[in-house]
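Here is a friendly briefing to read alongside the model. Take a look at the structure first, then follow the topics below.

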Number of protein chains: 2
Amino acid sequence: MSGQVLQFQQLQSTVDPSFWAELGRLKLDTLQLSEDAQPITGFYSANTHSEYPASLLLDGQSFQSEVPQRKGLHSVPGNLLNVNTFERFKAAQEKASQHLQQVSQRIWQDILSGEAERRPALLARFLVLSYADLKRFRYYYWCAFPALKPPQAFCCTSLSTLEEGLGAELAAGTAEACCEWQECGSASSQPDQAAEGTSGGAPVWLVHMADSAADCQPLAAWEEVKARGGRWLLGIADHGQLPGNPGWLLRNSLLLAAARFGVSEVEVACIRLRRGKPSAQHSLLLSVRLPDASQVDWGASQPAPTGWELNARGKLGPRVMNLGPTMDPRQLAEAAVDLNLKLMRWRAAPALDTARLAATKCLLLGAGTLGCAVARVLLGWGIRHITFVDSGRVAFSNPVRQSLYEFKDCLEGGLPKAEAAAQALRRIFPSVHASGHQFSIPMPGHPLSEAEVPKAEADFRQLEELMEEHDVAFLLMDTRESRWLPTVLGAAKNRLVVNAALGFDSFLVMRHGAAPAGPEDAARPAARAAPARGRLGCYFCNDVVAPLDSTVDRTLEQQCTVARPGLAGIAGSLAVEVCCGALQHPEGVAAPAAQHDAAASSATSHQDSLLPLGPVPHMIRGQLSRGFAQQCLVGSAFRQCTACSWAVVQQYRQGGWPFILQALQDPHALEDLTGLTELHNSAAALMMDASEEDDDEDESLLRASEAPADDWLEL
Amino acid sequence: MSGQVLQFQQLQSTVDPSFWAELGRLKLDTLQLSEDAQPITGFYSANTHSEYPASLLLDGQSFQSEVPQRKGLHSVPGNLLNVNTFERFKAAQEKASQHLQQVSQRIWQDILSGEAERRPALLARFLVLSYADLKRFRYYYWCAFPALKPPQAFCCTSLSTLEEGLGAELAAGTAEACCEWQECGSASSQPDQAAEGTSGGAPVWLVHMADSAADCQPLAAWEEVKARGGRWLLGIADHGQLPGNPGWLLRNSLLLAAARFGVSEVEVACIRLRRGKPSAQHSLLLSVRLPDASQVDWGASQPAPTGWELNARGKLGPRVMNLGPTMDPRQLAEAAVDLNLKLMRWRAAPALDTARLAATKCLLLGAGTLGCAVARVLLGWGIRHITFVDSGRVAFSNPVRQSLYEFKDCLEGGLPKAEAAAQALRRIFPSVHASGHQFSIPMPGHPLSEAEVPKAEADFRQLEELMEEHDVAFLLMDTRESRWLPTVLGAAKNRLVVNAALGFDSFLVMRHGAAPAGPEDAARPAARAAPARGRLGCYFCNDVVAPLDSTVDRTLEQQCTVARPGLAGIAGSLAVEVCCGALQHPEGVAAPAAQHDAAASSATSHQDSLLPLGPVPHMIRGQLSRGFAQQCLVGSAFRQCTACSWAVVQQYRQGGWPFILQALQDPHALEDLTGLTELHNSAAALMMDASEEDDDEDESLLRASEAPADDWLEL
């Protein structure tokens with residue numbers, strides 16, 4: 001019998017998009033920049049269709065460290081070499097033969113050591129080189145199914161279907177036994193064993209035939225099967241569908257038979273399935289002449305491997321899968337945005353808690369120049385909940401400075417700003433939870449007529465509810481006094497409050513301190529050297545008078561946004577960076593202020609260096625006309641503050657709306673409440689005595705001098 | 001003859017939108033915050049229609065200091081009191097009687113002095129109080145047509161049409177004479193005289209009748225007319241249409257007749273027009289009994305005035321005109337945007353040249369995070385010409401960070417960025433001139449195959465042309481080396497080049513210096529204390545090697561925008577502010593750098609304080625993780641710079657594309673050209689000798705240490 005050189009049908013890979021999705025997740029969350037080989041699992045079944053071969057499947061489960069037995073599928077081990085750049089991928093391609101060599105060496109060792117008999121899946125060990133362009137959802141990959149070349153070619157001395165070769169009865173019995181073998185694997189109560197292929201269900205096995213009965217045994221039982229005498233076959237779950245050729249994975253099994261069983265010829269049952277069961281009509285029976293074991297020194301040299309997969313053009317080379325077009329664009333957008341954030345953790349900010357940001361709800365009071373700028377940077381940071389409050393409508397002068405509006409929003413009197421801003425966010429990023437509320441924030445010093453009180457109360461209740469529902473409130477309005485009520489509510493509810501205000505060529509960005517813990521909370525006078533230790537001040541802590549109506553008598557340029565157009569971008573961006581810095585700080589709203597001063601470039605402390613986004617300033621003031629100067633300042637909470645002091649917060653907590661209404665109608669009541677009235681009297685007295693007490697600076701006067709200039713023009 | 005108390009039909013104002021448009025322009029350009037009374041001119045005609053009275057018209061010509069005679073219209077003088085705020089308007093209203101008093105006093109003086117006879121239009125002197133809400137196109141105004149109350153009421157002793165009263169023939173002659181009087185005014189070759197009413201055409205005149213002939217004479221000719229004897233009439237262009245009452249403006253004329261002519265009764269011809277000519281059938285003839293001149297001491301007390309106009313509800317009070325809804329929305333948007341810019345000049349930046357900004361053409365190289373941010377701030381500054389260059393398409397991760405794109409722009413593979421960005425600008429502000437070009441900027445260190453050269457040349461030519469056409473180029477790309485070619489072109493063409501680059505939590509914004517004037521231009525070593533005196537450096541002046549391919553081997557997070565999302569807003573805004581600051585500087589691209597250093601808050605020099613937007617920094621570097629530090633730096637141009645040095649610029653000017661191509665293919669050629677190669681050799685030699693020359697810092701090494709950190713991650 002000379003026979004023909006046996007040729008094998010190549011195994012093809014099928015990579016499910018879930019494989020790439022899972023790789024993307026792993027890459028972002030765990031692997032990051034690592035290029036270490038990752039163990040993965042591939043799945044293949046015996047052939048089930050006359051026209052199509054079965055293929056090796058990679059999917060989302062391929063990355064699980066303990067893969068459960070999947071009905072009808074054989075789990076085989078592989079390695080994934082995923083690299084970080086396209087250039088690295090090309091370099092890996094150039095070293096393809098080296099990579100293949102390494103894997104096939106392991107297969108060869110497993111054959112020689114007998115390990116492959118205990119775990120036949122090791123014979124199908126495979127390799128994937130890949131580069132995942134997660135940004136564009138393009139995946140480059142190249143699979144290898146290494147087959148070791150025998151010292152002499154395998155020759156086929158007979159080929160038939162199982163039924164023809166064995167006769168109908170024995171073939172049926174054999175098919176039946178193989179079916180049990182498979183199901184024994186599937187139904188195994190020991191999934192670990194099954195997965196490892198040490199028991200039933202392995203993709204390669206032995207079939208022993210005595211008389212007309214057949215039974216299946218693991219490869220490891222070779223000696224026993226041999227000892228039993230009689231006819232035996234090598235059984236294999238065959239992925240190929242060709243009538244004249246077995247599938248690729250038989251190659252290493254034949255080599256094992258040659259090297260380990262010491263036989264010169266082997267009969268093989270290539271089991272193929274129909275309707276889920278081994279089919280005697282479609283399975284093949286082969287006789288294969290093996291290399292003459294007596295003439296081969298198996299240990300002397302490792303057989304050369306082959307096995308890189310051909311690409312779609314039938315050439316040796318990688319494939320590319322472009323998932324972009326197939327994905328739901330909304331999901332694509334979500335994934336892409338997520339990606340950008342997670343990438344920060346690879347090198348720049350490994351401790352960054354993006355989930356914390358995604359879960360944060362932000363309330364933007366004011367949807368003007370600053371409100372739009374802040375919302376956009378929040379989106380960039382992955383904040384998904386943004387709520388606007390604004391009483392105005394979009395005017396024709398707005399779109400060129402307010403980055404969420406377009407010309408069409410100004411037509412017919414203009415859309416309500418808050419809702420238009422929310423709509424814009426949804427146009428930008430459909431998955432955002434954005435909403436807008438059109439109402440005015442009640443302001444002290446704008447006395448209400450009796451008829452106006454019910455509306456003001458409703459506005460107050462709505463604001464109160466919104467402050468309750470959100471984690472952060474941005475104060476981005478165009479009057480000083482409209483910031484008072486949200487400042488009180490923020491202090492009472494211990495919310496993070498971030499404030500931004502613009503002048504013509506200057507800005508102030510600040511975050512408020514935490515809720516006061518008691519009447520003496522802010523009283524720790526805090527050594528001047530370390531003001532950051534005490535509770536941080538709010539926007540009103542520098543004031544020694546209650547807020548009053550500042551809108552009376554505004555000229556046109558005071559009503560409009562007469563600020564240098566670049567300021568809103570700077571201040572809005574800084575406000576969000578301050579917010580995110582505080583959110584990422586373990587102390588959150590109570591995070592101490594970054595120490596800045598002259599030592600701007602001094603090394604940061606060890607503690608600070610552990611903060612994902614670094615230390616967080618309290619106040620930042622900038623001025624463009626003075627050579628673009630920018631300073632960070634720190635100010636403690638003021639015990640007699642008309643907004644965040646214990647006295648005010650407690651009165652609000654106890655008095656609710658009636659207290660607020662009183663303050664709106666008569667802001668001076670706040671001065672009485674906080675003791676400012678008394679302070680004024682004593683300050684006046686102090687002025688009289690000033691000549692005698694030159695050295696003893698009065699703190700309140702000092703504070704006043706630190707207050708934002710009166711000509712702050714707020715947005 | 002007792003007669004009836006004569007009643008007059010009130011004069012109504014008609015304010016044409018062009019009046020408000022012109023007021024808006026004047027206010028923004030000239031008046032600004034001034035509330036001084038402005039002289040204006042009103043126009044009225046004699047009545048032309050039986051059902052409608054004629055009214056006093058105010059329009060765009062009302063503000064001209066020399067108003068030409070307008071056919072059929074009488075020009076009458078008035079004052080406009082335009083105030084700056086709604087509150088001031090309400091205050092002015094409260095003082096309405098005072099204002100009226102002041103104007104009527106002038107009328108009374110003009111009557112007594114005889115001035116009103118020489119210029120009868122003075123009798124119709126009027127007053128307008130107004131407040132123009134230019135932002136919302138709402139105009140509040142209140143007109144007064146002061147009439148002085150006579151000591152005794154005017155009594156009508158007979159009333160008829162002119163035809164009935166004079167008989168057909170004389171009436172026709174009178175009408176004919178009045179017609180000539182009017183036309184004599186219209187056709188006058190002395191417009192000044194006509195406008196002043198000293199000659200024909202005045203709205204009040206005398207008609208002398210002898211036999212059946214009538215002729216018109218000016219009021220000032222009263223004595224002569226009286227001397228001629230015979231019947232005479234007071235002629236007036238009568239705005240009213242009522243058959244039984246004359247119009248309001250007759251009142252002051254009757255008072256003049258009483259006070260100055262010393263007559264106790266006067267016949268009046270209230271001339272009304274049909275088909276443009278005085279109509280005897282429609283004009284009225286009145287006999288009016290005047291206060292008895294002999295019983296009145298005219299000089300003793302001023303008659304009380306009356307004359308505030310009723311509003312649409314028939315009450316004494318202002319009217320409001322809301323022009324918003326009637327204007328072309330595109331024009332509204334243009335006007336509104338213009339307004340915001342011009343408002344800056346009222347108080348904040350009086351020297352600001354907004355026209356210079358509007359005429360500036362900006363080229364944005366890169367339409368990513370920075371490109372979008374820069375374009376938006378440019379729009380805010382009133383820049384109307386913006387051109388984008390970008391080779392990419394909008395990806396799903398872009399819209400949340402790149403403020404000109406929306407989700408829909410990412411679908412189907414994404415729109416080309418440059419065109420999508422230009423479209424977005426047009427959606428925001430339809431009057432912008434925005435365009436996008438999709439091509440790549442050729443980069444040194446990215447060698448071209450022969451097949452790629454023609455495309456690279458075309459890209460180069462296109463960039464060259466765009467640099468030629470624009471005044472400013474912003475370098476906002478994502479690789480260092482793509483900035484080289486536009487830097488060379490900018491230096492050769494002396495364009496303002498502004499550069500912005502982002503790291504993860506740091507940024508660099510800088511402007512390049514002017515074109516080198518000669519080989520030694522940058523060689524002035526410039527005392528370290530005043531580096532701003534020399535030509536300023538470019539982005540490559542800190543490098544001691546030629547730009548090379550930096551994109552090879554970029555990992556995912558290096559390809560993406562892994563910067564803190566707030567940075568683009570900050571850096572983009574600063575880039576535009578630096579640009580606008582330089583554009584407003586008298587030296588433009590050659591503006592010296594702001595001196596900053598430690599003395600950030602020191603008083604600016606006198607010269608600097610004259611700059612509309614203050615002194616302009618050269619480089620601004622910021623870092624968020626170090627407590628939000630920001631510094632301004634200054635660096636002189638480097639004589640051996642591979643981009644902006646004389647050697648490179650001259651080679652480009654002489655060699656054109658072949659020179660550029662050589663540099664692209666072999667950047668080291670630039671090192672040879674500029675002498676860097678030599679410098680490297682001598683630096684290497686210097687290192688050998690370092691121990692001996694410790695104090696003699698090598699300038700090139702110093703520069704290298706100032707260079708941006710290698711881990712700049714550019715956008």
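## Overview

Buried residues make up 52% of the 715 residues in chain A, where buried means 20 or more other C-beta atoms within 10 Å of a residue's own, exposed means 12 or fewer, and partly exposed is in between, with C-beta atoms placed from the backbone. This is a predicted model, in which local features need pLDDT of at least 70, side-chain atom pairs count only at pLDDT 80 or more, and totals for chains, interfaces and linings use all residues. Residues are numbered from 1 along each chain as its sequence is written, while chains are lettered from A and ligands numbered from 1 in the order in which they are written.

**Fold of chain A**

- Chain A has 22 helices and 25 strands; these are DSSP runs numbered from the N terminus, with helices being H or I of at least four residues and strands being E of at least two.
- Among contacts in chain A with a separation of 6 or more, 73% join residues 24 or more positions apart; a contact is a pair of residues whose C-beta atoms, placed from the backbone, lie within 7 Å.

**How the two chains meet**

- The interface brings 80 residues of chain A into contact with 80 residues of chain B.
- On the chain A side, the elements that give two or more residues include helix H2 (86-94), helix H10 (329-343), helix H17 (566-583) and strand S25 (629-633) of chain A.
- That side of chain A divides into 45 nonpolar, 20 polar and 15 charged residues. Here Ala, Val, Leu, Ile, Met, Phe, Trp, Tyr, Cys and Pro count as nonpolar, Asp, Glu, Lys and Arg as charged, and the others, Gly among them, as polar.

- The expected span is 1.5 Å times one less than the number of residues.
- Buried residues of H10(B) include B:Leu332, B:Ala336, B:Leu339 and B:Leu343.
- Helix H19 (residues 646-665) of chain B has 20 residues, but its end C-alpha atoms are only 21 Å apart, short of the 28 Å that a straight helix would reach.
- H19(B) bends by about 125 degrees at B:Gly655, and B:Pro658 follows within four residues; the bend is the angle between axes fitted to the seven residues ending there and the seven starting there.
- Among the buried residues of H19(B) are B:Trp646, B:Tyr652, B:Ile660 and B:Leu664.
- The cover over the buried residues of H19(B) includes helix H14 (453-469), helix H15 (484-493) and helix H20 (668-674) of chain B.

**Nonpolar core**

- Which residues touch the most other members of the largest nonpolar core? They are A:Phe474 and B:Phe474, in a core of 435 residues. A nonpolar core is a set of buried Ala, Val, Leu, Ile, Met, Phe, Trp, Tyr and Cys residues joined through C-beta atoms within 7 Å.
- Not counting residues up to four places away in sequence, A:Phe474 touches A:Cys362, A:Leu363, A:Leu364, A:Leu365, A:Val374, A:Val498 and A:Ala575.

**Loop residues worth a look**

- A:Gln32 has a positive phi of about 50 degrees although it is not a glycine, and it is found in the loop between helix H1 (17-31) and strand S3 (38-44) of chain A.
- With 18 C-beta neighbours inside 10 Å, A:Gln32 counts as partly exposed.
- B:Gly513 lies in the loop between strand S23 (506-511) and helix H16 (556-559) of chain B, and is buried, with 29 other C-beta atoms within 10 Å.
- The C-alpha atoms of B:Gly513 and B:Cys538 are separated by 6.3 Å, though these residues are 25 apart along the chain.
- A:Leu624 counts as buried, with 28 C-beta neighbours inside 10 Å.
- Leaving aside neighbours within four places in sequence, A:Leu624 is in contact with A:Asp505, A:Arg564, B:Glu577 and B:Gly614.

How values were computed. Contact = placed C-beta atoms within 7 Å.
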